[in-house]
Amino acid sequence: MSSLVIVESPAKARTLERYLGKGYKVLASVGHVRDLPVSGLGVDKESFEPEWVTVTGKGPVLKQLRAAAGRVDQVLLATDPDREGEAIAYHVAEELGWRPGAGGFRRIRFNEITKTAVRTALEEQGDLDLNRVWAQQARRILDRLVGYELSPLLWKKIRPGLSAGRVQSAALRLLVERERERAAFKGAGYWSLRAVLTTAGAEFAADLVEVGGRKVAAGRDFDQNTGKLKPRSRKLVLDGEAAETLKERLENQAFRVTGVQHRESRTSPPPPYTTATLQQEANRRLRLPARETMRLAQDLYQAGLITYMRTDSTHLSNEAISAVRKRVTSLYGADHLSARPRVYKTKSAAAQQAHEAIRPAGPGMQTADELAARHRVSGPKKRLYEMIWRRTVATQMASSLTRRTTVLTTASDAMFMAEGKVIVRPGYLRAYVEGTADPAAALAGMADPLPPLGEGDELGLRELLAREHETIPPPRYTEATLVKALEQRGIGRPSTYASIISTIVSRGYVDKEKQQLIPNFVGVAVTRLMELYFSDLVDTRFTAQMEQDLDRIAAGSVDWREYLREFYGGGGENGPGFEGKLEAGLERIDPREASTVELPFDLQGDQVSVRIGRRDPYMECGEGESRRTASIPDGLAPADLTAGLAEKLFREKYDAPSELGTDPATGETVRLLNGRYGWYVQLGGDQARSGQSGAGTTRNAKPGKAAKPPKPKRSSLPKNMDPRSVTLESALALLSLPRTLGQHPETGKPVKAGLSRFGPFVSHERDFRSLKEQDDLLTIGFDRAMELLSQPKRGGRRTSNTVICEVGPHPDDGEPIRVMNGRYGPYVQHGKVNASLGREEDPRGVDLPRALELIQERKVRMAARGGGRGGARRTKTRRAPRRTARRTAK
């Protein structure tokens, strides 16, 4: 019997071909072949029937699949074993002629691409799980209804170009709530004493814990909202004077051991990785974004090196446990094995126990070095595999045994405490220590022993230190901690965590800085509107309940249409549905209120707020004639905008002498101003209106409509220029940039000096060099410019675009798709279409499905600007007459 095996990706197809013999043809659908249309809702609001269209570029793929299916006896659908994979299999099957009850199509599932797993899957063929298809379809329709209908409301009420989503809004709220906690935080200062004690030639440190029978306060004893001790706390707070006085009093006292306590503790290894825990630790240990982690893991899975990477199960098969225990014995010895096979129970009620945890595939349990030698795996991919291998191997190793020692010492009425620990038995720590790639080094650093001590021992005092401390605000989320929070609250599913984070960053609601995810003022304004008018969509419990409802659809216990009808239309005990809330919101929401974020302070009795402008947020204070505005520095986090900083920004704009004089050539005023990107000088314009001049018309003004005034000329101040040193002469010199220094002796073309957002430079045609610290932009001469231009470039931007890698041929025309490095960063190129990559995306990690997605998005944007229509073929035609009628009317 001949069979056609259909998978999602070419890489997975190549791996499968190694294990399938004659009679099997393996082809890839290259991801989804059908989806909702790019433009338009694509969902009937009465029946909730989706309008599936062929994804642009998939016509030739489907043609190839249909032709191959016509030449075989059966089609085996071997897409991934989750709901997304089930949906892909369903759409491919329908395009190839499958209907419920029809023969010739079978579903095979495997969690790892190994010879044994594939053979088992072929022996245990089944049917499509339609309940899982309906669950995925319900999620897709739900997200389209929320995003497509809620986003235009945000455009009208806050700012054009914004978007909202069912899950992304709940995740954004977590970040905003943490930022609010930081804004409300009130720090507290306190002091402590540390004694460096000696005994028999050894020394150790002990911290003050009690004075005169009262325990001494530490950071955890303060209320973060008041900066004072928590209610009912009777602990002693030391200030600097009290700490110094106590230090002087104790320096001449005898220190004696008054108590020694030993206790042993056992620590079991953590369970093997799920999708969430893999993303968390890859972010902490390898500094990988969640999306990059999943890309690397998918490459490893499709190469047959690890099990399926989208899972919330910690289950390991009996075969895997047996393989791990053999590997532990051969590498570490039988004494490092756990007494009996360790089995982990998945905590998540929604976890699919048919899946396994993420682990190395096959019975060999190859180490990362063995894998690198056989499969040429290197770089981040190798490090990620090693992380998975170590965590898996650790699950079947013995628990670690640690002995902890606590020593109490007294001097007069003060008590000090010292703690130490010794690793008695490393156990699983030989293979895995959380957060580090080098367990041996981490294990050596864990031991912190105290010298042998007994009760009554006299101790020497080498040093007594008084130390000042400040409480710190709650930490902002990182990708690792946000994924953990999403998992704990049941928001999203393992396959969605990476896309949730990338969405809120790419939509401009969150800035990423030093691993921190920082919501900006636009994100705060959107969250505030959602909390006031669509509270369900940002309520974490409601969002988690929706995920559970989708799980029940997948289990067959809830009808997907009834669920969508109740969510959208509402009624009964649940009150109005999403449609009703949307209509009410359009009437009730005041755009000015929605685009205003009130700050938790005032200035001289006037409330300070942040307004979301059409381009950038800005501060506003007062009303009427006393109304003042000021730019907010680029990248400033909401919690970092304090009353002191706000007052400084207003003062710099209004109180500082901004007028430097008059330009002799034009008669216009030259001003020194401070804006979002720092200090700059401006010729003409109105300071209070951010550069908009007064009355006037332009050549292209429409009749009856006021024309925009011409934009005044501006120039930023170089970073090394003090605003207080700016004079009229230096301001005019900056405004005259770029200036010509002379003619190049070889080409006769001008050599210029100028200023860009990257700093001061000299240039000749398209050849640029940055100025050195000792160079002055306003006085640099021709000879020095030629000297700089003669030096070879070090880094910087390329003068021409270069190929980073070739992705492969486009399925439509066979033309190559390349990842290029251009002037403004990496981009994907196909013919005349160039699609930029995101800042967090690895250019070398772009595969064919991702490249096709970027190219399609770019085509849609180009078509929208040019008035054309995007290129997805529609498989249903019920809306065609309306479009035809509109076009005829035009």
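Which residue in β13 does Val-196 stand opposite?

1. The model is predicted: local features need pLDDT of at least 70, side-chain atom pairs count only at pLDDT 80 or more, and totals for chains, interfaces and linings use all residues. Residues are numbered from 1 along each chain as its sequence is written, and side-chain values use heavy atoms, with hydrogens and water left out.

2. Val-196 stands opposite Glu-463 in β13. Strands β7 (residues 189-199) and β13 (residues 458-470) pair in the antiparallel sense over 10 bridges. Strands here are DSSP E runs of at least two residues, numbered from the N terminus, and pairing requires at least two DSSP bridges between two strands.

3. Strand β7 is mostly covered, with 8 of its 11 residues buried (under 20% relative accessible area, 1.4 Å probe, protein chains only).

4. Strand β7 also pairs with β8 (residues 202-211), in the antiparallel sense over 6 bridges. Thr-198 has Glu-203 in β8 as its bridge partner. The two strands form a hairpin with 2 residues between them, and Ala-200 in the turn has a positive phi of about 50°.

5. There are 4 cavities of 30 Å³ or more in the structure; a cavity is a set of points, on a 1 Å grid over the protein atoms alone, where a 1.4 Å probe fits but cannot get out.

6. Lining residues (an atom within 4 Å of a point) of the largest cavity include Thr-56, His-810, Asp-812 and Lys-859. The lining divides into 2 nonpolar, 4 polar and 2 charged residues, with Gly counted as polar and Asp, Glu, Lys and Arg as charged.

Terms used. On a 1 Å grid over the protein atoms alone, a cavity is a set of points where a 1.4 Å probe fits but cannot get out, and a pocket is an open set with protein on both sides within 12 Å along at least five of seven lines; lining residues have an atom within 4 Å of a point. Grid points are joined across faces, edges and corners, and a volume is the space filled by probe spheres set on the points. Buried means under 20% relative accessible area, exposed over 50%, partly exposed in between (1.4 Å probe, protein chains only). Helices (H or I, at least four residues) and strands (E, at least two) are DSSP runs, numbered from the N terminus.
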